[in-house]
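Morning, everyone. Please look at the screen, and I will walk you through it step by step.

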Amino acid sequence: MEISKNVTWKPLGEKIVAVKVDSGEYYTMNEVSSLIWRGINDGKTVDEIAGLISQEYDNDDTDSIKKDIEEQISEWKQELLIL
């Protein structure tokens, strides 16, 4: 899993803004989505990203966190933001 080469992005405080170069569509991510995005950029697995989110938000429900991560990844794949 990796960020599409057709996407440019940058941090904006705790959030991330991503732009599809070919269409100009842009996406502003909340803090949790930004953690997922950074994890993908760093080559982390869903389990590793879930662990980071669990620590950051003091939430031990990793099954629920993984489900949310997988839903976000699926959405980004549909939008061709990640491959």
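Let's start with a question: is E71 buried, exposed or partly exposed? E71 is partly exposed, because its relative accessible area is 44%. Here is the scale: buried means under 20% relative accessible area, exposed means over 50%, and partly exposed is in between, with a 1.4 Å probe and protein chains only.

Some ground rules. This is a predicted model, where local features need pLDDT of at least 70 and side-chain atom pairs count only at pLDDT 80 or more, while totals for chains, interfaces and linings use all residues. Residues are numbered from 1 along each chain as its sequence is written, and side-chain values use heavy atoms, with hydrogens and water left out.

Back to E71. Its side chain meets that of K67 in a salt bridge, at 3.1 Å from N to O. A salt bridge here is a side-chain nitrogen of Lys or Arg within 4 Å of a carboxyl oxygen of Asp or Glu. Why look for such pairs? Side chains of opposite charge can pair when their charged atoms come close. E71 and K67 both sit in helix α3, four residues apart, which is about one turn of the helix.

Next, K66 and D47. Their closest N and O atoms are 3.0 Å apart, and they form a salt bridge. K66 counts as partly exposed, because its relative accessibility is 25%. D47 also has a value in the middle class: at 48%, D47 counts as partly exposed.

Then E25 and K20. Their side chains meet in a salt bridge, 3.5 Å from N to O. How covered are the two partners? E25 is partly exposed, at 36%. K20 is at 10%, so K20 counts as buried.

Now the rings. How many aromatic pairs does the structure hold? There are two. The rule: rings of Phe, Tyr and Trp (its six-membered ring) pair if their centres lie within 6.5 Å; planes under 30 degrees apart count as stacked, over 60 as edge-to-face, and the rest as tilted.

Take W9 and W37. Their ring centres are 6.2 Å apart and their planes are at 80°, so this pair is edge-to-face. W9 lies in strand β1, residues 7–12, and W37 in helix α1, residues 31–41, so the pair ties together parts that are 28 residues apart in sequence. W9 is partly exposed, at 27%. W37 counts as buried, because its relative accessibility is 0%.

W37 has another partner. W37 and W76 form an edge-to-face pair, 5.0 Å centre to centre, with 85° between the planes. W37 is in helix α1 and W76 in helix α3, so this pair ties together parts that are 39 residues apart in sequence. W76 is buried, with a relative accessible area of 5%.

On to the surface. Which residues gather in a patch of negative charge? They are D58, D60, D61, D63 and D68. D63 lies in helix α3, residues 62–78. D63 is exposed, because its relative accessible area is 60%.

D58 is in the loop between α2 and α3. At 69%, D58 counts as exposed. Its phi is near 50°, a positive value in a residue other than glycine.

L80 has a positive phi too, about 65°, although L80 is not a glycine. Find L80 in the segment after α3. L80 counts as exposed, at 53%.

Last stop: N30. N30 is in the loop between β3, residues 26–29, and α1. At 44% relative accessibility, N30 counts as partly exposed. How far apart are the C-alpha atoms of N30 and S4? They are separated by 20 Å, and the two residues are 26 residues apart along the chain.

That's my tour. Thank you.

Technical notes:
Patches are made of residues with over 30% relative accessible area and no salt bridge: like charges are joined within 9 Å, nonpolar side chains (Val, Leu, Ile, Met, Phe, Trp, Tyr) within 5 Å. Accessible areas come from the Shrake-Rupley method with a 1.4 Å probe; for residues, only the protein chains shown count as cover. Lys and Arg count as positive and Asp and Glu as negative; His and the chain ends are not counted. The place of a charge is taken as NZ of Lys, CZ of Arg, CG of Asp or CD of Glu. Helices (H or I, at least four residues) and strands (E, at least two) are DSSP runs, numbered from the N terminus.
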